[in-house]
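Please open the model in your viewer and keep the selection tool at hand.

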Amino acid sequence: VQLQACGGGLVQAGGSLRLSCAASGSIFSINAMGWYRQAPGKERELVATITSGGSINYADSVKGRFTISRDNAKNTVYLQMNSLKPEDTAVYYCNADLKRTIISTPRVYWGQGTQVTVSS
């Protein structure tokens with residue numbers, strides 16, 4: 001199983017970016033998918049998660065600015081980031097809580113990370 005994230009880049013404060021992350025490989029089902037971020041010198045933190053049923057959770061710091069969505073048919077999760085701030089600068093990681101077969105135990109897989117840099 002691989003998670004491939006893309007869409008990061010350099011943007012000015014107030015700008016927007018859209019991240020996407022596609023899961024591929026031997027996948028039976030995916031429960032939750034999510035985005036986390038890690039700024040230099042800080043621990044990795046939750047940004048947003050979404051379940052297969054559409055239940056969504058956001059970090060307080062991004063509520064009203066970021067929108068998470070997913071395409072279950074494509075095993076892909078998206079993060080639309082608007083009104084970006086310099087403090088949003090970080091490496092963004094996607095993850096997926098999935099089962100590879102009908103009998104396997106659910107496990108969390110992580111993508112490789114994509115850099116988001118917001119200039120002031």
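Predicted model: local features only at pLDDT ≥ 70, side-chain atom pairs only at ≥ 80, totals over all residues.

Residues are numbered from 1 along each chain as its sequence is written, and side-chain values use heavy atoms, with hydrogens and water left out.

Select Trp 35 to begin, and you will find this residue in strand β4, which spans residues 29–38; strands here are DSSP runs (E, at least two residues), numbered from the N terminus. With a relative accessibility of 0%, Trp 35 counts as buried.

Next, widen the view to the nonpolar core, a set of buried Ala, Val, Leu, Ile, Met, Phe, Trp, Tyr and Cys residues joined through side-chain atoms within 4.5 Å. The largest such core has 31 residues, and those with the most contacts inside it are Trp 35, Val 47, Phe 66, Ile 68, Leu 79, Met 81 and Tyr 92. At least two residues of this core come from each of β1 (2–6), β3 (17–24), β4, β5 (45–50), β7, β8, β9 and β11 (114–119), and β9 supplies the largest share, five residues. In soluble globular proteins, nonpolar side chains tend to be buried together.

Not counting residues up to four places away in sequence, Met 81 touches Gly 15, Ser 16, Leu 17, Leu 19, Arg 65, Phe 66, Tyr 92 and Val 116.

Arg 65 is the next selection. This residue is buried, with a relative accessible area of 11%, and its side chain reaches the backbone oxygen of Ser 61 at 2.9 Å, a polar contact in the sense of a pair of N or O atoms within 3.5 Å, where within protein one must be able to donate a hydrogen and the other to accept it, and residues adjacent in sequence count only if both atoms are side-chain atoms. Beyond four places in sequence, the contacts of Arg 65 include Gln 80, Asn 82, Leu 84 and Asp 88.

Which residue forms a salt bridge with Arg 65? The partner is Asp 88, with the closest N and O atoms 2.7 Å apart; a salt bridge is a side-chain nitrogen of Lys or Arg within 4 Å of a carboxyl oxygen of Asp or Glu. Arg 65 lies in the loop between β6 (56–58) and β7 (66–71), and Asp 88 in the loop between β8 (76–81) and β9 (90–99), so the pair ties together parts that are 23 residues apart in sequence.

Now select Arg 37 and Glu 45, whose salt bridge also has its closest N and O atoms 2.7 Å apart. Arg 37 is buried at 6% relative accessible area, whereas Glu 45 is partly exposed at 36%. Arg 37, Glu 45, Arg 65 and Asp 88 are linked in a network of salt bridges.

Note on methods:
Helix = DSSP H or I, 4+ residues; strand = E, 2+ residues; numbered from the N terminus. Buried < 20%, exposed > 50% of the residue type's maximum accessible area, 1.4 Å probe, protein only. Contact = heavy atoms within 4.5 Å.
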